[in-house]
Amino acid sequence: MFSLHSIKRHLFSARCPLILLLIFTAISIAFGAKHLFTPFDAIHISAYAFMALLAGAWFTLKTLRKDTSFLSSRSILILLGLCFVLNIVYNLYLWTDPWKLPLILATTLGMLAATWALMRSWALIVWAPFFLLELMQTCMYIQYGTTINSLVVAATLEASPEEISAYSGWGNILSFTGLLIVTAAVCYGLHRCMRTFPKMQLLRTGLASLGIMALWGLSIPMERQSQDYYWPGSEFYNLANAYIEAVETNEDTINQVKSLPDPTEQPSRCDTILPDQGIILVVHIGESVRSDRLSLNGYHRITTPYLNTAPGLINFPHTISVAPDTCQAQISILTNGRRGLRDTDPCMQPTTGSILNIIAKHNFDIYSFFGNKVAQKLKYDRVVRLLTQVSKQSYNSPAYPMSGLPDIKRTIDENGSKNLVLFINNEGTHTPFCYFDEQHAPFQPAFTSFENPEANAEGINNAYDNTVYYLDDYIRQIVGYMGNRPFVYLYISDHGEFLGHDGIWGRGGLGNSTLRYHDTTGCIVPFFLITSPSFEKLHPHYAKALDGLHSNTEKTIGQEHIFHTLLGLFDIATPYYDPTLDLTRPNASPYTGDMPECLKKQQNTASTEPKERQQAAIGTPKPHA
């Protein structure tokens, strides 16, 4: 019978570490051979096996020579076991490719030993937040199908109190408390273990392990390389880069808008708009609305009862948004920018400022109406303020979007004969999908918390559909305020939303995912215009322009068309006008950028299928009760 003492004595004898290290080396070679065994990878198998044997030989040599420059084999085995446990707990990518396990352990051992040798217990200042973030990342991946990336960081930095509350249910609060306890326990155990190792031996062993890792990595074919092979080093880089990228993107976006020239500096002409004609142009940029959630576009629920039968409606159901980001979308809609800000083609980037400036030059007064979020001093606020700085007055809704309707009605009533532009951008259907009348919501049960969305998918989808229904009534009331005045109501959403579609929730999952935004149905957003009979009769050009709009409704278009369509609608001549992107012209060019496969198929069958069937085909999600 073996006693506990005898087991420990045999386990840490001189031979046992050698045997375990040789087994570890053999496993490394086996993993490498299994995942690289193709005819053209023979050289890589040999290189990988050589590096594995070299690592094993190095540890063996140190044991036989009893070299005290490095940690003993026993200590290295303890560290390897500790690193393995840390990876099991914190490494989300550990099992995605088994043959990278030796690399991960070598990197973890090297970084852990080196940082502890240099900082001693102060190393916990680095490791404790890292461990907590990694556990949070695992929970995020399980709940929302996303990990920490620049989009998640940007959304977190700009989150409103309502958005924060949507993720702050008791379940997430208890989960976060549990993560803190686990992290504290691990850090305490790490401190007790690492403080027993001599500083210089720890440093030399850590640096040697990182060196072996670097050589080892050279044997991996480029086509099989992946950053997560080098966890946690790569993860430190990814987390830091996500924050830097989010902050830099915010500043780049603001600076780009600031640098755009005022379009009124160039000569422009307009013969169709006279002072005091009483024309109202509503430019309503919605939030997070998917085209396929409007019954107007074939959705199986009646989410848009008013729009379904609205007179004078011109609908473009196949509209592509530039990015899952409000600011980029607003820039594309209000300027002559054609794609997202990260597009490297200079021809796709904006060269002028807001179209509101041009319209204001030609006998219009601009009024802007925002929600709660614009009151924050963040990127969104600064960008939208720059794009709407020509406004005579701006309003903020203190609560739900409906609370801003009195300001809109008063502005219309007090400017009876003036030409007005009402720019509207409020939360509407934005997370947490709470902007609707809960007592009279048509779809129940409605769940406005974004905690554990997969388990509450039905309730969250019901809440989202309720916000669309609420939006429909919001538009109906504004149209009613305008009465018989000549008006054009232009509505377009900034981006879509993911409600379990394509395996993700929200939009942050697209930041570092193989799933690209324009491969998903979430990039298809609603775009439509409502015009009054009196507007069409006001000038012969308007009737012709509306006929042109009707002729283009089945084309795939993008947010890039809005700027030029508004210029064409009012016949405003300016050097920035591109007639090929003017939807009031029957021969307007369609959107030529990336789009989902379902929309490509839709366009291929556009000439043969009935309109109703075409609309129903646009990525309609599974029904929810």
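## The chain as a whole

Among contacts in the protein chain (heavy atoms within 4.5 Å) between residues at least 6 apart in sequence, 79% join residues at least 24 apart. The model is a predicted one, in which local features need pLDDT of at least 70 and side-chain atom pairs count only at pLDDT 80 or more, while totals for chains, interfaces and linings use all residues. Residues are numbered from 1 along each chain as its sequence is written, and side-chain values use heavy atoms, with hydrogens and water left out.

The protein chain holds 22 helices and 12 strands, where helices (H or I, at least four residues) and strands (E, at least two) are DSSP runs numbered from the N terminus. Of its 625 residues, 56% count as buried, a term that stands for under 20% relative accessible area, with exposed meaning over 50% and partly exposed in between (1.4 Å probe, protein chains only). The chain exposes about 26,700 Å², of which carbon and sulfur atoms supply 61%; accessible areas come from the Shrake-Rupley method with a 1.4 Å probe, and for residues only the protein chains shown count as cover.

## Helix H20

Helix H20, which spans residues 561–569, is mostly covered, since nine of its nine residues are buried. Those buried residues include His561 and His564, along with Phe563, Leu566 and Gly568. H20 is followed by Asp571, whose phi is positive, near 55 degrees.

Most residues other than glycine have a negative phi, and most peptide bonds are trans.

Another cis peptide bond joins Gln444 and Pro445, where omega is about -5 degrees. Pro445 belongs to the loop between strand E7 (420–425) and helix H17 (457–482).

Is Phe433 buried or exposed? Phe433 is buried, with a relative accessible area of 0%.

Arg120, likewise not a glycine, has a positive phi of about 55 degrees, and its place is in the loop between helix H5 (101–119) and helix H6 (124–144). At 25% relative accessibility, Arg120 counts as partly exposed.
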